[in-house]
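Q: I'd like to learn how to read side-chain contacts and pockets off a model. Could we go through one together?

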Amino acid sequence: MSSPSRVSTLARVLADCVPQAYYVGGIVRSSLLKRQSTDIDLTLPPEDVKPAALVLAKKLKAAVFEMDAEYGVWRLVTHKDKIQIDLTAYQGKDLKADLLRRDFAFNALAYPVTALPQIEITPQKNANAKILLKRLQRKKIVDFAGGLDDVKHKIIRHTNPRVFAEDPLRMLRAFRSAAELNFTICPATLKLIKKHAALINQPAGERIHEELTRLFNTSKAYENFVLMDRCGLLTALFPELIPQRSCAEVYYGKGGVLKHTLLVLKRIEYLLDHLDTAFPKYARRLQEMTHQKPLFKMTALLHDIAKPATARMKDGRLRFFYHEQRGAKMARSVLERLHYSRPDMRLIGAMIGEHLRPSNLASNDFITDKGAYHFFRDLGDAAVPMLFLCWADYTSYVTDAQLRRILPHSDESLMSLARAQKKEAVGKTLRHLQVLSLLFSKFFEHPRVVRPSRIITGRDVMDALNIPSSPKIGEILEAVAVAQVEGKVQSKEDALAFIRNLVNTENK
């Protein structure tokens with residue numbers, strides 16, 4: 001954290017160089033909540049923005065550039081602490097008009113730089129410094145919309161009836177803010193969101209993606225997605241989910257597949273926050289793999305996207321043949337619309353496209369090392385994330401109370417199929433959880449089973465068998481890897497003897 005002298009210096013520089021400016025928006029609201037911000041937002045008359053930016057940049061030894069000529073936005077970033085300061089022209093004739101055009105009342109607050117708040121700066125490694133305004137004098141806070149009361153009562157309330165028509169992304173921002181701040185969206189604002197929900201896909205995909213990522217990164221994505229659905233915003237944003245609501249109600253109950261989808265989101269959110277409860281033996285190591293939490297939650301939302309399109313009755317039973325493969329393709333279309341990166345799309349596609357693999361393993365009385373090897377080999381980096389998805393999928397079929405009851409038994413020896421069937425849904429879920437625990441145990445405790453080290457190379461194969469390079473080499477190396485997993489091969493000499501015998505057997 002910066003020293004007191006450095007802190008007071010910045011406040012004084014701002015007051016001296018731009019005395020007509022006000023701290024506005026998130027920096028004021030967050031500081032009232034004692035939450036740090038990643039930048040300082042200042043607003044001032046349009047004609048003052050550029051001169052003020054240049055003067056401040058020189059005084060603070062900061063890089064400076066114009067971000068948005070249309071709205072009069074200039075940005076500074078100091079070289080020393082990487083403090084980001086945005087200067088924006090009034091949107092409207094004066095400060096009052098500017099504040100009342102903002103999205104929510106708690107963001108329509110301003111504080112004069114001349115009031116000299118204490119600025120607490122926390123430098124970050126490879127990121128902008130975190131900022132907190134301290135010792136704010138409430139009587140000097142400018143509040144035309146009742147934002148101070150909203151902060152006090154943790155309410156999100158729109159400032160004017162045009163707020164969502166002017167920028168539909170604000171509807172999604174309301175839910176993201178509610179999730180991040182643990183606030184409640186007021187009924188009037190929810191009603192206005194419902195009125196304008198159809199506009200949500202007007203903003204650029206990148207902007208929607210950013211809001212979704214921040215929402216998914218909280219521990220309250222599920223409850224806010226449920227509320228988004230009640231307002232019509234969820235299916236307006238993801239029209240591909242509309243058919244889910246009436247699909248398979250006989251199986252999932254009222255709400256159909258969409259009800260199940262939201263329950264899977266609930267479960268994966270719980271899992272990612274409670275790895276120590278679900279997998280106590282591996283929680284620490286699994287925690288290191290959860291940095292892509294927003295991607296995992298998006299996968300949960302899309303994992304059954306193709307069920308309505310593939311629903312068929314067979315032998316009196318509703319089936320969804322190849323919904324996982326078709327779902328991976330449908331999900332890619334959604335993700336492209338939201339401008340997800342290619343690596344992220346590949347990960348989500350692999351998780352969705354193969355999410356029945358553990359169920360297929362669970363249909364056997366025993367999980368062989370060979371089966372576990374093929375699973376982790378085929379899924380690669382998507383294997384562990386997909387096990388998170390499967391855990392959420394399986395546990396969505398039991399109640400919270402049932403889940404609490406069976407979790408302590410999920411790392412016990414694999415229950416027999418016959419015993420699981422006697423216990424119906426709870427038994428089936430517990431057995432699936434035991435399969436996941438078994439796969440994790442092989443992954444962490446028996447790496448030779450799932451990631452056998454290569455003991456011979458393609459060149460070794462060609463030299464030993466006197467054959468040229470061809471796809472056959474890869475097939476032979478794969479056979480050696482399987483033999484290692486099964487304990488038939490333990491050294492290079494074993495491997496060479498194995499491949500000679502393999503070729504001789506094939507030639508007979």
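Q: Which residues form one aromatic cluster here?

A: Keep in mind that this is a predicted model. The cluster is made up of F279, Y282, F296, F375, F376, F388, F440, F443 and F444. Across the structure there are 16 aromatic pairs.

Q: How do I read one of those pairs, say F279 and F440?

A: The general idea: you describe two aromatic rings by how far apart their centres are and by the angle between their planes. For F279 and F440 the centres are 4.8 Å apart and the planes make an angle of 70 degrees, which is edge-to-face. The two partners come from distant parts of the chain, 161 residues apart: F279 is in the loop between α14 and α15, while F440 belongs to helix α25.

Q: Are F279 and F440 buried or exposed?

A: F279 is buried, at 4% relative accessible area, and F440 is buried too, at 0%.

Q: What about charges over rings, which residue lies over the face of F106?

A: That's R29, at 4.9 Å from the ring centre of F106. In another case K307 lies over the face of F320, at 4.8 Å from the centre of that ring.

Q: Next, salt bridges. How many does a search of the whole structure find?

A: In general, oppositely charged side chains can pair when their charged atoms come close. The search turns up 30 salt bridges here. One of them joins K134 and E120, with the closest N and O atoms 3.1 Å apart.

Q: Which residue meets D400 in a salt bridge?

A: R267 does, with an N to O distance of 2.7 Å. This pair links helix α23, which holds D400, to helix α13, which holds R267, and the two residues are 133 apart in the chain. R267 is buried at 6%, and D400 is partly exposed at 33%.

Q: Which residues are linked in a network of salt bridges?

A: D103, R173, R176, E180, E211 and R214 are. Hold on to D103 and R173, as both names come back with the pockets: they are among the lining residues that lie nearest the centre of the largest pocket.

Q: How should I read that pocket, and what is its volume?

A: The largest pocket comes out at about 1,900 Å³. Its lining has 42 residues, with D39, D41 and R102 also in the group nearest the centre. Helix α7 gives the largest share of that lining, seven residues. By class, the lining has 22 charged, 12 polar and eight nonpolar residues.

Q: And how much space lies in the second largest pocket?

A: About 1,200 Å³. It is lined by 31 residues, and Y251, R317, L356, S359 and K428 are the closest to its centre. Here α25 supplies the largest share, six residues; that is the helix in which F440 sits. The lining of the second largest pocket divides into 14 nonpolar, nine charged and eight polar residues.

Definitions and conventions
Residues numbered from 1 in each chain as written. Predicted model: local features only at pLDDT ≥ 70, side-chain atom pairs only at ≥ 80, totals over all residues. Heavy atoms only, no water. Salt bridge = Lys/Arg side-chain N within 4 Å of Asp/Glu carboxyl O. Helix = DSSP H or I, 4+ residues; strand = E, 2+ residues; numbered from the N terminus. Buried < 20%, exposed > 50% of the residue type's maximum accessible area, 1.4 Å probe, protein only. Phe/Tyr/Trp six-rings, centres within 6.5 Å; stacked < 30°, edge-to-face > 60°. Lys NZ or Arg CZ within 6 Å of the ring centre and 35° of its normal. 1 Å grid on protein atoms, 1.4 Å probe; cavity = no way out; pocket = protein on both sides within 12 Å on 5 of 7 lines; lining within 4 Å. Points joined across faces, edges and corners; volume = space filled by probe spheres on them. Nonpolar A, V, L, I, M, F, W, Y, C, P; charged D, E, K, R; others polar.
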